[in-house]
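Here are my notes on the model you sent over. Have it open while you read, and follow the points in order.

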Amino acid sequence: MEALQALEAWLYPHVCNINVTLSSYILVFLLIGVGLWYSIRTRFIQVRCFGEGMRKVFGNLSLRGGKHERGMSSFQALATAVAAQVGTGNIVGASGAILTGGPGAIFWMWIIAFFGMATIYAEATLAIETRVTDDQGHFHGGPVYYITTAFKGAFGKFLAGFFAVAIILALGFMGCMVQSNSIGSTFQTAFHVPSWVVGIVLVVICAFIFLGGMNRLAAVTEKLVPIMAVIFLVGGLAVLIARFRYIPETFAMIFRYAFQPQAIIGGGFGYAIKTAISQGAKRGLFSNEAGMGSTPHAHAQANVKDPHDQGVVAMVGVFIDTFVVLTLNALVVISTLYTSDGILHTGVIPEGISNTNLAQTAFGTVFGTEAGAMFVAVCLFFFAFSTVLSWNMFGKINVIYLFGKKAAPVYAVIALVFIFLGTLMSNTLVWELTDMFNNLMVIPNAIALFALTGTVVKIARNHSGKKTLRK
């Protein structure tokens, strides 16, 4: 344990310095830039085709999609993508953004998500458009395939390889540590169960599903995602009903502190606004993953012939993640803790309050301390667990791309080790490490998205009555 603590102490400041540059400048520019670019070029497809996406998702909703000879149903692919999106980023990530950047950080998360819906449309359509089928009829798709489509030769292989390594580290290893770390912390708070015990249980369950392959993963996520979302929504709505008279004040704080964050987090205006925006961008990316290049791996498995069909479905995933689940959690936190009778209304963070227990504290103001902690712990377990399953699959796809199928079992074992280690390490370092690799993933993915604009716009144009969309 002492060696692990020494390593953490050495790594932490270096990783933080890298993240300041990436999240405060490069990440904000790329995420908003790509989303704004595709919003304009597709004439705001996230608005025009939102209804179409909702009909495709909920028009034939089924929790029994069954097995497929290859790939998944469109809903199973979406459920796998949403399982990756709806995780600790919605509860712990959003709480951390509010603590650091103030309630206004949620506004910038909304901005990132709105433009991110156009970005995810591009990612999903390109994943279908550029995927390949192996000799056994299985689909292989994701950013590495559209990166090498956009850039031929050595440069394309370098970008694809860089992305593959970054996502294996970011999601397959570091990201799963974040999820298990959050599960262990909340369970220890709520049920007084040692985090290492939770780690062992997680490893056993994850190993069973990892070894079951994609069919078992699809069968779990298509059932788990809707159920876990409904449970959390019911609990969150119960809190908001109890705090109904504070809802106008809650929204007012989100909008006011988006542009005057110094009033709640202190410091000068320049520092405060940069903090609020960067927290919104960083945690927004970790939550909805639009532009990061992760969820295209799930959408590439969809049994659809037309890339546009999965593109509009993918937009709904970002909407559910940010505008429904994350927003509900944010409203609960702000309406209970930041309003005039809340413990954080002055912006001073009391001792013992952190991003891992902020939501538990918020729900506890209405449900009672113990019941609130237990409710969030159970919800976070399902959220984070489903994310681990999806992220492991995304990492596995890139391991196979780099090293072949024989490397997959080795990858699975290493991933299980990281899941266990996540329950032992400090929360702050784990989050900083996964942020760093998440940020690095965005760079090659965004470059390829810009390069393939013509392909995406052509697909969008073929499904629009507006022939003014340019190539």
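1. Let's start with K405, which is partly exposed because its relative accessibility is 48% (buried means under 20% relative accessible area, exposed over 50%, partly exposed in between, with a 1.4 Å probe and protein chains only). Bear in mind that this is a predicted model, where local features need pLDDT of at least 70 and side-chain atom pairs count only at pLDDT 80 or more, while totals for chains, interfaces and linings use all residues. Residues are numbered from 1 along each chain as its sequence is written, and side-chain values use heavy atoms, with hydrogens and water left out.

2. What does K405 pair with? D134 forms a salt bridge with K405, and the closest N and O atoms are 3.9 Å apart (a salt bridge being a side-chain nitrogen of Lys or Arg within 4 Å of a carboxyl oxygen of Asp or Glu). D134 sits in the loop between β1 (132-133) and β2 (139-140) and K405 in the loop between α17 and α18 (408-422), so this pair ties together parts 271 residues apart in sequence. As for the naming, helices (H or I, at least four residues) and strands (E, at least two) are DSSP runs, numbered from the N terminus.

3. How many salt bridges does a search of the whole structure find? The search gives three. One of them joins D341 to R243, with the closest N and O atoms 2.8 Å apart. Here D341 is in the loop between α15 and α16 and R243 in the loop between α10 (213-242) and α11, so parts 98 residues apart in sequence are tied together. D341 is partly exposed at 43% relative accessible area, whereas R243 is buried at 12%.

4. D309 also forms a salt bridge, with K56, at 3.4 Å between the closest N and O atoms. D309 belongs to helix α15 (residues 307-338) and K56 to helix α3 (residues 50-58), so the pair ties together parts 253 residues apart in sequence. Both ends are partly exposed: D309 has a relative accessible area of 23% and K56 one of 36%.

5. Now the aromatics. The count comes to 26 aromatic pairs (rings of Phe, Tyr and Trp, using its six-membered ring, pair if their centres lie within 6.5 Å; planes under 30 degrees apart are stacked, over 60 edge-to-face, the rest tilted). W108 and F259 have ring centres 5.6 Å apart and planes at 65°, so they are edge-to-face. This pair links distant parts of the chain, with W108 in helix α6 (residues 105-130) and F259 in helix α11 (residues 247-259), 151 residues apart. W108 is buried at 15% relative accessibility, but F259 is partly exposed at 44%. Ring pairs also link F107, W108, W110, F251, F255 and F259 into a cluster.

6. Have a look at E432 too, in helix α19 (residues 427-451). Is E432 buried or exposed? E432 is buried, with a relative accessible area of 13%. Its side chain makes a polar contact with the side chain of N19 at 2.7 Å (a pair of N or O atoms within 3.5 Å; within protein, one must be able to donate a hydrogen and the other to accept it, and residues adjacent in sequence count only if both atoms are side-chain atoms).

7. Lastly, W391 lies in helix α17 (residues 369-403) and is buried, with a relative accessible area of 0%.
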